[in-house]
Amino acid sequence: MSTLLVRGLEKAYGSGRDTVPVLRGVNLEVPAGSLTAVLGPSGCGKTTLLRVIAGFESADIGVLSLDGRVVSAPGTHVAPERRRVGVVPQEGALFPHLTVAGNVGFGLSRASRRGGRVGEVLDLVGLRGFGDRMPHELSGGQQQRVALARALAPGPALVLLDEPFAALDTGLRAMVREEVRRALRAAGATAVLVTHDQEEALSVADQVAVLSRGRIAQAAAPARLYREPVDLDVATFVGDAVVLDAVACGRHADTPLGRLPLRGAVPSGPGRAVLRPEQVQLVRPGSGVAAVVTGTTFYGHDAVVRLRIPGPGDDIDVAARRQGAPEGLQAGDAVGLLVHGEASFFPQPAAGVR
Amino acid sequence: MTMTSSATADESTVPATPPGRSTRAARPPLALLVPAVVTAALALLPLGYLGVRAFDHGVGEVVDVLWRDRTLRLVLRSLGLAAAVTAAALVVGVSLAWLTTRAWLPGRRTWAVLASLPLAVPSYVAAYAWVAAFPRIPSFVGALLVLTLCCYPYVLLPVAAALQRADPALEEVSAALGRGRLSTFLTVTLAQVRAAAAAGALLVALYVLSDFGAVAILRFDAFTRVIYASYRSSFDGVTAAVLGSVLVLVTVAIVAAEGRSRGRAQQARIGAGAPRRGAPVRLGTVGTAGALAWCALVVGLGIGVPLASLGYWLARGSSAGLQLGELAIAAGATVIVSALGALATTLLAVPVGVLAARYRGSGVRLVEQAAYAGHALPGIVVALSLVFFAVRFAYPIYQQVPLLVIAYAVLFLPAAVGAVRASVALSPPVLEEVARSLGRRPLQVLRDVTLPVAGPGVAAGAALVFLTCMKELPATLLLRPTGMETLATELWGQTQVGAYAAAAPYAAALVLLAAVPTYLLSRQSGGEVRPVGTAGRGVRAAEPHVGGAGR
């Protein structure tokens with residue numbers, strides 16, 4: 001298994017004046033044997049990135065290498081069939097005219113097809129004995145697993161998964177996700193998964209790369225990405241965020257929620273401080289910062305309480321996360337707010353950015 | 001392979017994004033492009049060579065032929081027949097469509113099936129049946145009657161489909177606003193089916209102009225018959241070539257008109273799902289009786305008379321002793337040349353159809369359009385041009401099977417390309433990408449994924465071409481090897497000498513052959529009339545060939 005290196009990758013569609021840049025200098029490193037999730041809103045270019053890595057599209061500029069073997073660079077475009085990059089498309093895309101075994105064996109030489117490799121990978125995805133079925137006789141989750149087995153069978157250098165769970169319903173999704181994660185680990189595969197679902201990205205990947213406006217804004221382990229976003233975009237896109245106007249001074253910032261400790265040193269001056277809702281605790285009115293409940297949303301495992309802090313100028317909206325149901329809280333109730341832990345601080349954002 | 005390309009100059013030296021670069025990965029492989037271009041060139045060969053041949057003796061001769069009174073009269077006569085048949089087919093087609101979809105009519109579904117049956121009778125077979133029954137029928141009346149009865153289904157089917165699709169709520173709104181039934185029909189109902197009727201009418205006009213068998217058997221001097229006559233009577237063929245070119249120009253103008261009307265044929269409907277079926281209109285006792293009489297008259301003339309005439313002559317012929325041996329020989333020859341024709345046509349169509357379904361660009365568009373040339377070329381013109389071409393440049397295959405097969409390919413490529421294109425377009429491109437990522441080269445992907453997945457549709461297209469070849473008359477007549485007779489040419493030959501009884505078995509065999517695809521198509525659409533107007537462009541292109549290759 002190999003390391004994927006992406007350096008300065010650019011890709012635009014259209015021609016002449018109608019050129020639309022999609023990727024504007026993507027840098028990414030996917031360590032051997034790891035799963036990286038590329039996370040971004042729809043239209044951010046993540047599917048294009050996947051297609052360029054697979055070789056279905058050629059890059060305009062930039063270098064792609066797999067374990068030091070350059071597969072795409074100015075003047076070089078290795079065809080998809082020579083890249084050893086497996087692909088698991090949305091909804092599986094199994095060959096409808098072939099059995100499960102025919103699908104899985106499609107990328108194998110005749111010898112290894114006979115040598116039991118098909119059964120081996122079907123075992124890996126928990127579908128032993130399904131070889132004679134036709135694709136239309138499988139459930140959505142099974143099709144997805146066969147698609148993964150098909151991609152893994154030839155022992156690819158890299159496996160690409162394009163929103164592979166989007167077509168599955170919620171209950172099934174978590175299960176298939178786990179299965180796929182397990183199979184990838186067992187195969188020791190290096191994998192890139194593209195998704196717009198932050199929960200999926202955070203829960204399944206070793207590394208999450210946030211793709212925003214054609215660039216990787218940040219690539220880090222899930223916990224670190226959540227705790228230490230590099231900019232306001234990442235902070236607000238990955239997880240819920242409480243964004244406060246702030247003035248930084250050394251390792252502290254003054255905010256409407258009081259003076260908050262900051263994570264690391266920042267240049268002094270105005271900017272935004274970001275907290276996670278679970279850092280905001282509700283206490284009895286009279287202690288902490290005074291606020292008024294404006295509404296609650298119950299999610300089962302927890303609940304989010306929306307609050308307003310009356311200010312000298314505009315009122316400020318914040319959110320707090322609580323375990324369990326938000327019982328005894330109603331809109332209009334007065335409460336106090338306490339903040340735990342450190343805030344992230346981003347200096348004066350450009351105009352127009354929230 | 002082009003996909004594994006290495007450096008090209010601009011890429012290594014120009015860092016910015018050169019225009020059009022992003023489409024590079026989508027450039028079709030040469031192994032697909034080259035055969036597609038060959039197909040396109042072959043499809044255009046008759047058209048091109050006809051033009052060249054027309055100017056064989058210089059511009060003066062062309063002008064000379066064009067300025068003869070006879071030529072102008074010929075144009076007017078052909079256009080007049082086309083206009084009369086189209087108008088009659090509109091009246092018959094729209095009225096039957098409305099009666100079988102909207103009116104309360106006893107046996108409505110049976111009438112719907114019966115009314116579409118004339119599609120199963122090649123027009124020259126119908127013409128033979130009418131001439132055999134009424135030898136003194138005037139040529140114009142005969143041509144008008146026979147062609148109308150053969151062609152009205154081209155109007156009936158799309159209009160019936162449009163009426164079934166049309167939302168009855170519109171008519172109810174009109175009634176609620178105080179419009180009477182007739183006023184509603186004229187202003188609301190007709191407006192909903194106008195596009196479908198126009199498309200059908202243009203198909204009828206095209207069919208009439210390119211029909212050879214029916215007008216020739218009925219001795220009506222339309223373009224095709226005069227072209228055939230002047231080819232038979234002179235050696236140089238310039239007159240035939242000039243007249244053929246004029247006919248092609250007229251049909252091209254009509255195809256262009258059809259394309260324009262198709263562009264406007266949009267019916268807006270807000271909301272999803274199939275519209276509710278409206279309650280059938282009750283016509284009253286007299287109205288119902290009149291409607292039944294009208295349906296019976298059309299079906300009786302369209303199906304009853306030909307079948308009765310055929311039955312009569314079949315009985316008379318068999319009492320005089322059936323020539324089963326000759327029938328078997330002709331049937332065998334028909335099957336062989338048609339199978340070769342279907343095979344060649346499909347093989348030629350595959351690269352064009354795949355290209356059209358999978359790649360974009362003006363070059364691809366051009367290749368596809370060229371392959372559709374046969375759509376606008378009457379069979380007699382294709383045959384004539386190939387005769388000229390072979391005599392001068394390919395004499396070894398003149399009056400040999402390969403030349404006939406080429407003619408079939410040119411004529412029926414539109415149906416085959418349409419079938420390939422439609423079925424390839426239905427299989428998702430992501431399958432091909434997955435196959436590439438699993439190590440298959442583009443041509444292997446074509447062989448292992450694209451064609452197997454599209455296989456059933458391609459095979460259905462090939463079967464359609466096969467059956468259409470079996471019914472083809474004019475090209476077979478001009479290009480068949482000396483001494484070889486097919487069912488169609490036997491029927492033609494016997495009819496020419498007035499041997500109606502001897503012709504009957506061949507006519508019966510042809511009707512049976514033509515009934516098969518009609519039956520299959522009606523089964524495919526679940527017994528409903530086919531929504532011709534909504535079908536894709538490729539499928540549309542196949543339609544004029546479905547029922548009547550007799551032209």
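## Burial and the model

A residue is buried if 20 or more other C-beta atoms lie within 10 Å of its own, exposed if 12 or fewer, and partly exposed in between. Keep this rule in mind, as several sections use it. The structure is a predicted model.

B:Q399 sits in the loop between helix 16 (379-393) and helix 17 (401-426) of chain B. The backbone there has a feature to note: phi is positive, about 55 degrees, although B:Q399 is not a glycine.

## Confidence in chain A

Chain A has a mean pLDDT of 86. In this chain, 97% of the residues reach 70 or more. Where is confidence lowest in chain A, and where is it highest? The lowest mean, 82, belongs to strand 19 (residues 316-323) of chain A. The highest, 93, belongs to helix 2 (residues 100-104) of chain A. Where pLDDT is low, the predicted coordinates should not be read in detail.

## Chain A overall

Chain A has 354 residues, and 44% of them count as buried. Its secondary structure comes to 9 helices and 21 strands. The C-alpha trace of chain A spans about 75 × 50 × 35 Å along its principal axes.

The chain is divided into domain 1 (4-227) and domain 2 (241-347). Taken over C-alpha atoms, the centres of these two domains of chain A are 39 Å apart. Now look at contacts in chain A with a separation of 6 or more. Of these, 66% join residues 24 or more positions apart.

## Helix 1 of chain A

After helix 1 of chain A comes A:G55. The phi of A:G55 is positive, near 95 degrees.

## Two residues in chain A

A:D67 lies in the loop between strand 4 (61-66) and strand 5 (69-73) of chain A. A:D67 is not a glycine, yet its phi is positive, about 55 degrees. A:D67 has 14 C-beta neighbours inside 10 Å, so this residue counts as partly exposed.

A:P261 is part of strand 14 (residues 258-261) of chain A. Is A:P261 buried or exposed? A:P261 counts as exposed, because it has 11 C-beta neighbours inside 10 Å. Leaving out residues up to four places away in sequence, A:P261 touches A:R251, A:H252 and A:E342. A:P261 and A:P74 are 187 residues apart along the chain. Their C-alpha atoms are separated by 47 Å.

## Chain B overall

Chain B comes to 24 helices and 0 strands. This chain has 551 residues, and buried residues make up 50% of them. Again, take contacts with a separation of 6 or more. In chain B, residues 24 or more positions apart account for 85% of them.

## Helix 14 and its partners

Two packed helices are described by the angle between their axes and the distance between the axes. Start with helix 14 (residues 324-358) and helix 19 (residues 442-471) of chain B. Their axes come within 8 Å and cross at roughly 140 degrees. That angle makes helix 14 of chain B oblique to helix 19 of chain B. The crossing of these two helices of chain B is right-handed. Residues of helix 14 of chain B in this contact include B:T334, B:V337, B:G341 and B:V354. Among those of helix 19 of chain B are B:L446, B:T450, B:F466 and B:M470.

Helix 14 of chain B also meets helix 15 (residues 362-371) of chain B. Here the axes come within 9 Å and cross at roughly 135 degrees. Helix 14 and helix 15 of chain B are therefore oblique to each other. Helix 14 of chain B passes helix 15 of chain B in a left-handed crossing. On the helix 14 side of chain B, the residues are B:V352, B:L355 and B:A356. They meet B:V364, B:V367, B:E368 and B:A371 in helix 15 of chain B.

Notes: Residues numbered from 1 in each chain as written. Chains lettered and ligands numbered in written order. Predicted model: local features only at pLDDT ≥ 70, side-chain atom pairs only at ≥ 80, totals over all residues. pLDDT = per-residue confidence, 0-100. Helix = DSSP H or I, 4+ residues; strand = E, 2+ residues; numbered from the N terminus. Domains from an automatic or database assignment. Contact = placed C-beta atoms within 7 Å. Axes fitted to C-alpha atoms, helices over the stretch in contact; angles between N-to-C directions. Parallel < 35°, antiparallel > 145°, perpendicular 65-115°, else oblique. Left-handed = near helix turned anticlockwise from the far one by under 90°.
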